[in-house]
Amino acid sequence: MRDMLDDVLVSPSILSADIGRLDDELASISTADLIHIDVMDGHFVPPVTFGPNVVEAAKAATSVPLDVHVMIDNPDERVQDYLDAGADLLTFHVEAATHAHRIVSRIHASGARAGISLNPGTPVSSLSALIEDVDLVLVMSVDPGYGGQAFIPSSTAKLRELVRLCRDHGVRPTVEVDGGISPSNAAEACRAGATALVAGSAVFGAPDRPAAIAAIREAGRAGIVREA
Ligand code: DX5
Ligand code: ZN
């Protein structure tokens, strides 16, 4: 995986893909930096989506690194299955974890990068004891569970607060934002501190997916440049 801090990364979410045509759908987004796989268990969030078998199938079908986002209860007992299936980056929710440091260690022991995610209602301060140990923080900019929801505007203030927390701890994890991202708000998200952008409907709903990925990446870069 290339250095995740080099540039704005775009991670299309296959939640919005036609999963019956997984290979073709993955081929259509081969210019992405990461492939975002939303795992939902019907408990932590209402829907049920993908199990480890889908991660395994994606791993066999693409060389783009897999960005697996588990929206599940009890990640303590479940993350190993997704690591074994081929997750390159595994992000779990701070709200669901019992022993978060142990989960991070397990992810690292498998050779993957570890991410921690926050729901919109969870304060940034809940990460202070973890921030030095993770490779990525995923800020949910919608309540998780569904694609196609509107970006919650207060997410930008939250991104800025997260950047301050990272600065205070002297660390620079990848800051990923997930929910309602499109070319029209990618600059705003990156100006606030995001360096990785998840986009489901804005990529899979576009007639030209490589163009949509490029548009999101360029808009994100423009946000970073304007800040400098
Ligand atoms: C929501 C998921 C997101 C979702 C994003 O619970 O975590 O990754 O697929 O979809 P869009 O980009 O359509 O908001
Ligand atoms: Zn996600």
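A backbone N or O atom of G180 lies 2.8 Å from an oxygen atom of ligand 1. The protein covers 100% of the 380 Å² of accessible area that ligand 1 has on its own. This is a predicted model.

**Polar contacts of ligand 1**
- The side chain of D178 has an N or O atom 2.7 Å from an oxygen atom of ligand 1.
- G148 takes part through its backbone: a polar atom there is 2.8 Å from an oxygen atom of the ligand.

**The shell around ligand 1**
- Ligand 1 is surrounded by 20 residues.
- The closest are D38, G145, D178, G200 and S201.
- By type, the shell holds eight nonpolar residues, ten polar ones and two charged ones.
- Three strands each supply at least two shell residues: β2 (35–40), β3 (66–71) and β8 (196–199).
- Of these, β2 gives the most, with three residues.

**The pocket**
- Ligand 1 takes up the space of the second largest pocket.

**Salt bridges**
- Side chains of opposite charge can pair when their charged atoms come close.
- The structure holds eight salt bridges.
- One of the salt bridges joins D7 and R221, whose closest N and O atoms are 2.5 Å apart.
- D7 sits in the segment before β1 (9–12), while R221 belongs to helix α8 (residues 209–227), so this pair ties together parts that are 214 residues apart in sequence.

Terms used. Residues numbered from 1 in each chain as written. Chains lettered and ligands numbered in written order. Predicted model: local features only at pLDDT ≥ 70, side-chain atom pairs only at ≥ 80, totals over all residues. Heavy atoms only, no water. Near = heavy atom within 4 Å. Polar contact = N/O pair within 3.5 Å; in protein donor to acceptor, adjacent residues only side chain to side chain. Areas by Shrake-Rupley, 256 points an atom, 1.4 Å probe, with all protein chains shown as cover. 1 Å grid on protein atoms, 1.4 Å probe; cavity = no way out; pocket = protein on both sides within 12 Å on 5 of 7 lines; lining within 4 Å. Sits in = over half its atoms within 2 Å of the grid points. Helix = DSSP H or I, 4+ residues; strand = E, 2+ residues; numbered from the N terminus. Nonpolar A, V, L, I, M, F, W, Y, C, P; charged D, E, K, R; others polar. Salt bridge = Lys/Arg side-chain N within 4 Å of Asp/Glu carboxyl O.
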